Amino acid sequence: MRIAVLGATGFLSSAVVDAALAAGHDVIAVSRGNQGEPPPGTTWVRADRDDVASLSGAMAPFLDTIDSVIDCSGFTVEGAIAAAAVFKKVPHYVYVSSISAYRNWPPGPIQGEDDELAHPDDDLTHAGPMKAQSERILRAAVGKRLLAVRAGIIIGPGDDTHRLTTWLHRIATERWVGVPAARSQPIAVIDVRDLASWMVTAAEELVIGPLNATGPEGMCTFGEMLEACADAVRSTGREPATFVNLHDAEMRAAGVKPWSDLPFVLPGDVAHTVWQVDTTRARELAVPVRPIADSVADTWAWQIKANLRHPPVPRVVQDLTTRKVAEKLAKEAAAAEETANV
Ligand SMILES: NC(=O)c1ccc[n+]([C@@H]2O[C@H](COP(=O)([O-])OP(=O)(O)OC[C@H]3O[C@@H](n4cnc5c(N)ncnc54)[C@H](OP(=O)(O)O)[C@@H]3O)[C@@H](O)[C@H]2O)c1
């Protein structure tokens, strides 16, 4: 098959290119060149996919021979308008959308693919409404040939979003790491390689319609992911940090910002529903789910090799953690003294 991959050198897009090449496909890799060149074995088409003139001019020699487009670089509504104009006749179009396209997410839950999407008059500069509008634009152009892959949080090697890698970095480099005391919260994520290889299969099999593409509800807890981080760090000969419990009320009082200061962590009322995404269709269509420990270990290996940089732990988190450690050590010292005096 000839597959055009929009985006080709980033996190998900390069995994899609790798998966398509591994499956023996003829890959047309479309990017601007800002993030380097696609790998050997691809035909590189240099274009700005947000600019209809640039995209149509660059794609013109290939348009009649493309079997499927896998669109991993849809970051603007303009990009969807340009792609809709250029690719309206392709036999199959896979658009990487997002769970955030749903109007009710966050906080969720998402009951299924028929849940209401963000509206056209919502703020289209925000990712969710932009994705919902982009889906509408592409559906208007390619109709039922569209597969809208509403991805959840993507993890794995190459992840430059500083979410999972932040935890790995802190656990590997700090003596004490502040983590939420409530770590039994189930989460669901998808490994970039699982998503990429499945989308290539979906292109081969002409899978269409909307699809919530993430792991099954309850695939692991946040605490299990943190333990997998500690195991990965330990397996490379480093001593992982000791976890320090931070309670919701303490974090609120200290001004810790959910998610940005502590990736994956949300306030209790949102945390329960935000990970509740119905993925029945994904399971029926055999979207793979590898064990979280494998994704974490491979991400850690990649992040060491890539020498990925991270900003220091945010001051509010650091201060709260230091205070909690001091309290814990003082308590332990007092208990030891009491024992010695007996
Ligand atoms: N990461 C997540 O957890 C997550 C969750 C849900 C949905 N998604 C969606 O998944 C998709 C992939 O996300 P990602 O962050 O992994 O992307 P990515 O693959 O890192 O995308 C960047 C790629 O797109 C190219 N690109 C960007 N803008 C372009 C433009 N205007 N014209 C041509 N090429 C362009 C870049 O190359 P050049 O800069 O060289 O052009 C690069 O090859 C996105 O649609 C994203 O919204 C991601």
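## Aromatic residues and annotated regions in a predicted model

At 25% relative accessibility, Trp259 counts as partly exposed.

The cut-off explains the two labels: a residue is buried under 20% relative accessible area and exposed over 50%, with partly exposed in between. Trp259 and Phe264 belong, together with Trp275, to one aromatic cluster.

A pair of aromatic rings is described by the distance of the centres and the angle of the planes. How many aromatic pairs does a search of the whole structure find? The search finds 5 aromatic pairs. Two of them are set out in the table.

| Aromatic pair | Centre to centre | Between the planes | Arrangement |
|---|---|---|---|
| Phe87 and Tyr93 | 6.1 Å | 55° | tilted |
| Trp259 and Phe264 | 5.7 Å | 45° | tilted |

The word "tilted" follows from the angles, because planes under 30 degrees apart count as stacked and planes over 60 as edge-to-face, with the rest counted as tilted.

The charged end of Arg170 is placed over the ring of Trp167, at 5.5 Å from the ring centre. Likewise, Arg175 has its charged end over the ring of Trp176, and here the distance from the centre is 4.5 Å.

Attention now turns to a threonine. Where is Thr273 placed? Thr273 lies in helix H9, which covers residues 268–274. Which residues does Thr273 touch, apart from its neighbours within four places in sequence? Thr273 is in contact with Pro107, Gly108 and Pro109.

An unreviewed entry lists residues 3–205 as "domain: NAD-dependent epimerase/dehydratase". In the model, the chain over residues 3–205 is 34% helix and 20% strand, and the C-alpha atoms at its ends are 13 Å apart. The unreviewed entry also lists residues 1–19 as "signal peptide". Over residues 1–19, the chain is 47% helix and 26% strand, and the end C-alpha atoms are 13 Å apart.

Notes. Residues are numbered from 1 along each chain as its sequence is written. This is a predicted model: local features need pLDDT of at least 70, side-chain atom pairs count only at pLDDT 80 or more; totals for chains, interfaces and linings use all residues. Side-chain values use heavy atoms; hydrogens and water are left out. UniProt positions are given in the numbering used here, feature names are shortened, and annotations may be inferred rather than shown by experiment. Helices (H or I, at least four residues) and strands (E, at least two) are DSSP runs, numbered from the N terminus. Contact means heavy atoms within 4.5 Å. Rings of Phe, Tyr and Trp (its six-membered ring) pair if their centres lie within 6.5 Å; planes under 30 degrees apart count as stacked, over 60 as edge-to-face and the rest as tilted. Buried means under 20% relative accessible area, exposed over 50%, partly exposed in between (1.4 Å probe, protein chains only). A charge sits over a ring if NZ of Lys or CZ of Arg is within 6 Å of the ring centre and within 35 degrees of the ring normal.
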